[in-house]
Amino acid sequence: MDKRSKIALYIIGAVIVFMMIAEITKPKALNWRNSYSAADKIPLGCFVLFNELDTFSEGDVLVSEKSIYEYLKAEEFSEPKSLIFVNDRINLGKEESETLMKFVEDGNTVFISSTYFYGNVLDTLNVSVQRQYTNIYRKEADNKFTSPSLQANNRIYKDVIENSFFESIDTLRTTVLGTLTTKNEDEIEETHPNLIKVEVGDNNGQFILHTNPFAFTNYHLLDEKEDYAATVLSYMPKQQIIWDNNYKSGRKVITSPLRYILENTALKWAFYISMFGLILFVIFRGKRTQRIIPVIKKLDNATVDFTKTIGELYYQYGDYTNIINKKIEYFLEFVRTHYYLETNQFNSGFIDKLAAKSSNTKEDTKTLVDYIVFLKSKTNHTEQELIELNKKIEHFKRT
């Protein structure tokens, strides 16, 4: 390697190192994805809430990392518990819904805060949720409590919120604890329930349902006014809390070693640098040790040259009849060898079979066969007839 090549290689290496340093040291963009995970400190995570739950729990906060069906089937509780779900979507299947209903009927409390509710639980409770579809912009919403003594803890949410509310409830066993006031498409204020309590069974079991999970995210809890979220949670009885960490939009799922490496910043860059170094090693090491591959000249196809010479000779002397006869013979040989058809008679049966096997239309096939019959009936031919025959054969073979 000469001096100039070495300098160029050093410059390229320096530029790559500089780009890697700039990529590593640049500020991280703020992550606004919906997470609600207890481990996430991003704006829409629940790190702050999870670490403040001790205030509302009688004893240590338990954590469920499994589906609620698996968790409740495996655990036995001697004292009533409060189970908390916080996520932008809660979708419970049949078995999960039945297990959750049994848990509440035994005297426990389930708190669910979610923008979207799915599953059999809502059907059993005779509750339906409606999302407010206004436009691409999120409307500010005034979240209020129905109790006159809690009006000081009302809050207007302007940022990072999607409004949904309870469209219908079972008034016989449901208590409205809070409402949502917002404007519709016509800028008219509407008020709907967004915090309710549904009593289940004879053992003081209850569901507390809420449609504003954004109130429990880091973004809103770190605000100066966090009394609204605390007041909502205060409706739960003072008993041990079970925190659901499974039904989360930001739940971490590791399915392979490579995915684990790529999700860890330090391991990811170590992996990239190792791969880059390996590629450089293969390129430069392979270039030094590889034996020179000799150039083998392609053999000339003498048959093709001979055929071109003969064809030019016929064409030069204007022997169009000879050329037409040979093109017809070659075409018929092509039909026999590729489509396995006899070419003794050009009747309608022959045309039908040739059209079917060659994927040409019957009309195009008949036109070509009729033209061949016409040319075979003549003793002298013109250049224009040769050109026309060649066009028809080429069109037939291209189909």
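1. A salt bridge is a side-chain nitrogen of Lys or Arg within 4 Å of a carboxyl oxygen of Asp or Glu. Keep that in mind as you look at this predicted model. Asp142 counts as buried because its relative accessibility is 18%, while Lys144, at 30%, is partly exposed.

2. Why can such pairs form? Side chains of opposite charge can pair when their charged atoms come close. Across the whole structure, a search finds 10 salt bridges.

3. Another of these pairs is Lys102 with Asp106, where 3.0 Å separates the closest N and O atoms. Lys102 has a relative accessible area of 47%, so this residue is partly exposed. Asp106 is partly exposed too, at 45%.

4. Now find Glu162 and Arg131, whose side chains meet in a salt bridge at 3.6 Å, N to O. Glu162 sits in the loop between strands E8 (155-157) and E9 (164-168), and Arg131 belongs to strand E6 (residues 128-131), so the pair ties together parts that are 31 residues apart in sequence. Glu162 is buried at 15% relative accessibility, whereas Arg131 is partly exposed at 28%.

5. Finally, have a look at Ser35, in the loop between helix H1 (3-25) and helix H2 (47-52). Is Ser35 buried or exposed? Its relative accessibility is 0%, so Ser35 counts as buried. Leaving out residues up to four places away in sequence, the residues Ser35 touches include Asp40, Asn87 and Lys248. Val86 is 51 residues from Ser35 in sequence, yet their C-alpha atoms are 9.8 Å apart in space.

Conventions: Residues numbered from 1 in each chain as written. Predicted model: local features only at pLDDT ≥ 70, side-chain atom pairs only at ≥ 80, totals over all residues. Heavy atoms only, no water. Helix = DSSP H or I, 4+ residues; strand = E, 2+ residues; numbered from the N terminus. Buried < 20%, exposed > 50% of the residue type's maximum accessible area, 1.4 Å probe, protein only. Contact = heavy atoms within 4.5 Å.
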